[in-house]
Amino acid sequence: MDKGKSEQRPVTVRDFAERKRKGEKLVVMTAYDALFGRLVDESGVDAILVGDSVGTAIMGYPSTLPVTLDHMIYHASAVRRGVKRALIIIDMPFLSYQASIESAVLNCGRAIQEAGSGAVKVEGGSPEMLDTVHALVRTGIPVMGHIGFTPQSVNTIGGARVQGREAEGAERLSTEANGLEQAGAFAIVLELVPAAVSERITAAIGIPTIGIGAGANCDGQVLVLPDVLGLNDTFEPKFLKRYAEMAGEVRAAIGAWARDVRNGTYPDAEHSF
Ligand code: KIV
């Protein structure tokens, strides 16, 4: 993406509000290390979410539940070292913010302090979570909310299911979104939500909605990097559009190198001292 000079300064949470006001879409992509953090940043996205999707996308776990705060700080610190401009949002993992407001403040504070992130993301919109978000914001920690399908509750939800299909569920999502705005969140991820429901929520609140499987009318979109690149070629949810097929390219490249090593054509004179 081509950016003017004024667009080269680091993105802040204030820019999120401004972009919604101007009706400009926000682009958020996940990354988990310095190499891809740099490449994603150089592509001109607004924010990089160091998602706890690292658990499933990179670490090989069946869900995000085994991911710890130490894992997240490790990955977010690496992303920090690769990124110059995009806002870095660190996803708070399971059990790092649910037990009490005090532990949430201390753990989110640690994530900001040790990983150098500009904001945190937490899942849920219950009254208890709204109190936590309020306390975090009062402490000076910008918070992105996350409602709809919340992967850390996969065991109570019973799988990755679309949320808010029925009127009652849709009403609950609207109440949660309003509550998160009132509590001081600067943006809200809507995951696996019918397009009509996210459209209503987006129109009703003053902070940006960032959709994943939530239709076109959110204020922005987020996707998981290895899915978009086709590196994770076994994951094919309805909402995902792949913009590359890199898994095949990786296998082909390594396979070609292995053939050259085995038949003695690598390294040749050009690649030797
Ligand atoms: O962990 C993650 O990558 C996320 C996004 C899918 C929103 O929470």
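**Reading a predicted model**

Tutor: Start with one residue. Cys-218 is buried, and its relative accessible area is 1%. Keep in mind that this is a predicted model.

Student: Is Cys-108 buried or exposed?

Tutor: Apply the cut-off: buried means under 20% relative accessible area. Cys-108 has 0% relative accessibility, so it counts as buried.

Student: How many disulfides does a search of the whole structure find?

Tutor: General idea: a disulfide is a covalent bond between the sulfur atoms of two cysteines. Here the search of the whole structure turns up zero disulfides.

Student: Now helices. At what angle do helix α5 and helix α6 pack?

Tutor: Two packed helices are described by the angle between their axes and the distance between the axes. Helix α5 covers residues 101-115, and helix α6 covers residues 127-139. They pack at an angle of about 45°, and their axes are 9 Å apart. That angle makes α5 oblique to α6. The crossing of α5 past α6 is right-handed.

Student: Which residues of α5 and α6 meet?

Tutor: From α5 come Ile-101, Ala-104, Val-105 and Cys-108. They meet Asp-131, Thr-132, Ala-135, Leu-136 and Thr-139 of α6. Sorted by class, this contact of α5 with α6 has six nonpolar, two polar and one charged residues. Note Cys-108 in that list.

Student: Which residues of α2 meet α4?

Tutor: Ala-34, Gly-37 and Arg-38 of α2 do. Their partners in α4 are Ala-78, Val-79 and Gly-82. By class, the contact of α2 with α4 has three nonpolar, two polar and one charged residues.

Student: Next, the backbone. Which value of phi does Leu-95 have?

Tutor: Most residues other than glycine have a negative phi, and most peptide bonds are trans. Leu-95 has a phi near 75°, a positive value in a residue other than glycine. Find Leu-95 in the loop between β3 (87-91) and α5. At 58% relative accessibility, Leu-95 is exposed.

Student: What is the phi of Leu-192?

Tutor: Leu-192 has a positive phi of about 50°, although it is not a glycine. Leu-192 sits in the loop between β6 (187-191) and α9 (195-204). With a relative accessible area of 11%, Leu-192 is buried, whereas Leu-95 is exposed.

Student: What about peptide bonds? Which form has the bond from Tyr-266 to Pro-267, cis or trans?

Tutor: Look at omega. The peptide bond from Tyr-266 to Pro-267 has an omega near -5°, and it is cis. Pro-267 lies in the segment after α11.

Student: One last residue. Where does Thr-234 lie?

Tutor: Thr-234 is in the loop between α10 (225-228) and α11 (246-263). For accessibility, the cut-off for exposed is over 50%. Thr-234 has a relative accessible area of 71%, so it is exposed.

Notes
Residues numbered from 1 in each chain as written. Predicted model: local features only at pLDDT ≥ 70, side-chain atom pairs only at ≥ 80, totals over all residues. Heavy atoms only, no water. Disulfide = S-S within 2.5 Å. Buried < 20%, exposed > 50% of the residue type's maximum accessible area, 1.4 Å probe, protein only. Axes fitted to C-alpha atoms, helices over the stretch in contact; angles between N-to-C directions. Helix = DSSP H or I, 4+ residues; strand = E, 2+ residues; numbered from the N terminus. Parallel < 35°, antiparallel > 145°, perpendicular 65-115°, else oblique. Left-handed = near helix turned anticlockwise from the far one by under 90°. Contact = heavy atoms within 4.5 Å. Nonpolar A, V, L, I, M, F, W, Y, C, P; charged D, E, K, R; others polar.
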